[in-house]
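Please read this report alongside the sequence and the model. It covers fold, core, aromatic pairs and charged groups.

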Amino acid sequence: MDSASGGGGPPDPNASSGEGPSSSSRSAAPAATPVAAEPSSASPAPPSRYESQKRRDWNTFLQYLKNHKPPLTLARCSGAHVIEFLKYLDQFGKTKVHAAGCPYFGHQNPPAPCACPLKQAWGSLDALIGRLRAAYEENGGRPESNPFGARAVRIYLREVREGQAKARGIPYEKRKRKRPTVTATAVVGNVSVASTQGGGVDGDGGGGVDGGSSSKTVAAAAATSTAV
């Protein structure tokens with residue numbers, strides 16, 4: 001009886017259940033790998049150098065308005081206040097701008113140092129105004145009331161540019177846009193093709209007026225090429 005009961009009894013459930021969870025846990029382990037990789041793929045890209053500089057400039061200007069005597073709000077800021085801010089920045093400049101009475105006035109490379117003050121270069125101020133003008137509109141300001149685009153600010157920047165060019169002996173040359181030139185030969189060639197196509201329409205019996213206008217155009221183009 002003992003041998004029969006021991007050999008013919010039902011299988012041990014603990015033995016079969018012990019293998020089941022271990023195999024399922026091994027098969028489920030790789031599924032957790034993609035979940036761990038999601039945070040790295042969703043990380044935002046760092047801001048560009050221009051965006052970082054624009055944010056610093058905007059915070060500097062807001063701090064200037066806060067420390068102003070009396071304090072100013074952004075809504076009451078005008079072009080005159082922007083010019084005051086640009087003059088305030090001159091104390092942190094690194095560009096030597098010779099005064100009119102300096103013996104090195106107009107010298108690009110002075111041979112000796114002088115007591116003329118250091119100021120912000122025109123190029124730095126012009127780029128600063130461009131960044132602040134964009135930051136103003138990005139922070140809810142209206143383009144028509146943008147103080148950084150005021151006419152007084154543009155006039156001030158032009159005066160700074162011209163004054164520093166004379167004081168430092170650096171001429172400023174405005175770039176000229178190249179206008180495309182059309183030769184008379186190309187015009188005559190295009191008109192001749194158009195007249196050939198017009199002749200085909202005349203042959204169909206429906207374009208006598210087109211034929212006359214094309215011949216007049218060819219004659220005018222020929223006269224133009226002769227005059228040139």
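The text below goes from the overall fold to single residues.

This is a predicted model, in which local features need pLDDT of at least 70 and side-chain atom pairs count only at pLDDT 80 or more, while totals for chains, interfaces and linings use all residues. Residues are numbered from 1 along each chain as its sequence is written, and side-chain values use heavy atoms, with hydrogens and water left out.

**Fold**

The chain has nine helices and two strands; helices (H or I, at least four residues) and strands (E, at least two) are DSSP runs numbered from the N terminus. From the N terminus on, the order of elements is α-α-α-α-α-β-β-α-α-α-α. Of the 228 residues, 23% count as buried. Buried means under 20% relative accessible area, exposed over 50%, and partly exposed in between (1.4 Å probe, protein chains only). Among contacts in the chain with a separation of 6 or more, 61% are between residues 24 or more positions apart; contact means heavy atoms within 4.5 Å. A cis peptide bond, with omega about -5°, joins lysine 69 and proline 70. Proline 70 lies in the loop between H4 and H5.

**Core**

The largest nonpolar core has 22 residues, of which Phe61, Phe85, Leu86, Ile129, Leu132 and Phe148 touch the most other members. H4, H5, H6 and H7 each supply at least two residues of this core, and the largest share, six residues, comes from H6. A nonpolar core is a set of buried Ala, Val, Leu, Ile, Met, Phe, Trp, Tyr and Cys residues joined through side-chain atoms within 4.5 Å. In soluble globular proteins, nonpolar side chains tend to be buried together.

The buried residues of H5 are Gly79, His81, Val82, Ile83, Phe85 and Leu86. Their cover includes helix H4 (49-67), helix H6 (122-138) and helix H7 (151-168). Phenylalanine 148 is in contact with Trp58, Phe61, Val82, Ile129, Leu132, Arg133, Tyr136 and Val153, leaving aside its neighbours within four places in sequence.

**Aromatic pairs**

The structure holds nine aromatic pairs. Rings of Phe, Tyr and Trp (its six-membered ring) pair if their centres lie within 6.5 Å; planes under 30 degrees apart count as stacked, over 60 as edge-to-face and the rest as tilted. The rings of tyrosine 88 and phenylalanine 92 are edge-to-face because their planes stand at 75°, with centres 5.7 Å apart. Tyrosine 88 is partly exposed, with a relative accessible area of 36%, whereas phenylalanine 92 counts as exposed at 51%.

The pair of tyrosine 136 and phenylalanine 148 is also edge-to-face, with centres 6.3 Å apart and planes at 65°. Tyrosine 136 lies in helix H6 and phenylalanine 148 in the loop between H6 and H7, so the pair ties together parts that are 12 residues apart in sequence. Tyrosine 136 counts as buried at 8% relative accessibility, and phenylalanine 148 counts as buried at 1%. Ring pairs link Trp58, Phe61, Tyr64, Phe85, Tyr88, Phe92, Tyr136 and Phe148 into a cluster.

**Charged groups**

There are five salt bridges in the structure. A salt bridge is a side-chain nitrogen of Lys or Arg within 4 Å of a carboxyl oxygen of Asp or Glu. Three of them are listed here.

| Salt bridge | Closest N and O atoms |
|---|---|
| Lysine 54 and glutamate 51 | 3.2 Å |
| Glutamate 144 and arginine 142 | 3.9 Å |
| Arginine 161 and glutamate 162 | 3.9 Å |

Lysine 54 and glutamate 51 both lie in helix H4, three residues apart, about one turn of the helix. An α-helix has 3.6 residues a turn, so residues three or four places apart point the same way. Lysine 54 is buried at 4% relative accessible area, while glutamate 51 is partly exposed at 33%. Glu51, Lys54 and Glu138 are linked in a network of salt bridges. Glutamate 144 and arginine 142 are both exposed. Glutamate 162 counts as partly exposed, with 41% relative accessibility.

Aspartate 90 sits in the loop between helix H5 (79-88) and strand S1 (95-96). Aspartate 90 is buried yet has no salt bridge, and the nearest side chain of opposite charge, lysine 119, is 5.2 Å away. For charge, Lys and Arg count as positive and Asp and Glu as negative, with His and the chain ends not counted. The side chain of aspartate 90 reaches the backbone nitrogen of glutamine 120 at 3.1 Å. Not counting residues up to four places away in sequence, aspartate 90 touches Leu118, Lys119, Gln120 and Tyr156.

Methods:
Polar contact = N/O pair within 3.5 Å; in protein donor to acceptor, adjacent residues only side chain to side chain.
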